[in-house]
Amino acid sequence: TLVYSTCTLNQAENEENVRWFLEQHKDFEAVPIDIGAGDHLQYSPEGFLTFLPGKTMDGFFSSKLKRM
C-alpha cells in the first residue's frame with residue numbers, strides 16, 4: 001500500500017500525478033478514502049481526498065494506492 005499526500009491544493013501535483021502513476025503502473029489501483037462528510041472535505045470519483053483549508057488546518061491532499 002502506498003499513500004501519496006501533499007500539502008498543496010494544486011490539481012496537477014495531486015490528482016493528475018496520481019492518475020498518471022496509475023496509468024503507468026497497471027498493477028496498482030486506487031483505494032477510496034472515506035472519513036465521512038464535512039464542509040472541508042472533497043472526494044474525487046476515485047476516492048482521493050482533499051482537505052480544504054480552514055481555521056484549524058492548512059489544505060492538503062491524500063490518496064491511497066494498493067498493488068493488486
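**Overall fold.** I read the pattern along the sequence as β-α-β-β-β-β. I find one helix and five strands in the protein, taking helices (H or I, at least four residues) and strands (E, at least two) as DSSP runs numbered from the N terminus. The radius of gyration is 12 Å, close to the 11 Å that the globule rule gives for 68 residues, so the protein is as compact as a globular protein of that length. I took the radius over C-alpha atoms, and the globule rule as 2.2 Å times the number of residues to the power 0.38. Along the principal axes, the C-alpha atoms fill a box of roughly 40 × 25 × 20 Å.

**Ground rules.** The model is predicted: local features need pLDDT of at least 70, side-chain atom pairs count only at pLDDT 80 or more, and totals for chains, interfaces and linings use all residues. Residues are numbered from 1 along each chain as its sequence is written, and side-chain values use heavy atoms, with hydrogens and water left out.

**Surface and contacts.** I get 28% of the 68 residues as buried (under 20% relative accessible area; exposed is over 50%, partly exposed in between; 1.4 Å probe, protein chains only). The protein exposes about 4700 Å², and carbon and sulfur atoms supply 52% of that area; the areas come from the Shrake-Rupley method with a 1.4 Å probe. I then looked at contacts (heavy atoms within 4.5 Å). Among those between residues at least 6 apart in sequence, 54% join residues at least 24 apart.

**Helix H1.** Which residues of H1 are buried? In this helix, residues 15–24, I list Glu15, Val18 and Leu22. They cover an arc of only 70° around the axis, which puts them on the same side of H1; the arc is that of the directions from the helix axis to the C-beta atoms. An α-helix has 3.6 residues a turn, so residues three or four places apart point the same way. The buried residues of H1 pack against S1, strand S2 (28–30), S4 and S5.

**Aromatic pairs.** I searched the whole structure and found four. Rings of Phe, Tyr and Trp (its six-membered ring) pair if their centres lie within 6.5 Å; planes under 30 degrees apart count as stacked, over 60 as edge-to-face and the rest as tilted. Tyr4 and Phe61 form an edge-to-face pair, 6.3 Å centre to centre with 65° between the planes. Tyr4 lies in strand S1 (residues 2–6) and Phe61 in strand S5, so this pair ties together parts that are 57 residues apart in sequence. Tyr4 is partly exposed at 29%, whereas Phe61 is buried at 0%. Phe51 and Phe60 are stacked, at 4.3 Å and 15°. Phe51 is buried at 12%; Phe60 is partly exposed at 27%. I also note that ring pairs link Tyr4, Phe48 and Phe61 into a cluster.

**Thr50.** I place Thr50 in strand S4 (residues 49–51). Is Thr50 buried or exposed? Its relative accessible area is 10%, so Thr50 is buried. Leaving aside neighbours within four places in sequence, Thr50 is in contact with Leu9, Glu15, His40, Leu41, Gln42, Phe60 and Phe61.

**Asp58.** I find Asp58 in the loop between S4 and strand S5 (60–67). With a relative accessible area of 63%, Asp58 is exposed. Not counting residues up to four places away in sequence, Asp58 touches Phe51 and Pro53. The C-alpha atoms of Asp58 and Thr8 are separated by 8.6 Å, with the two residues 50 apart along the chain.
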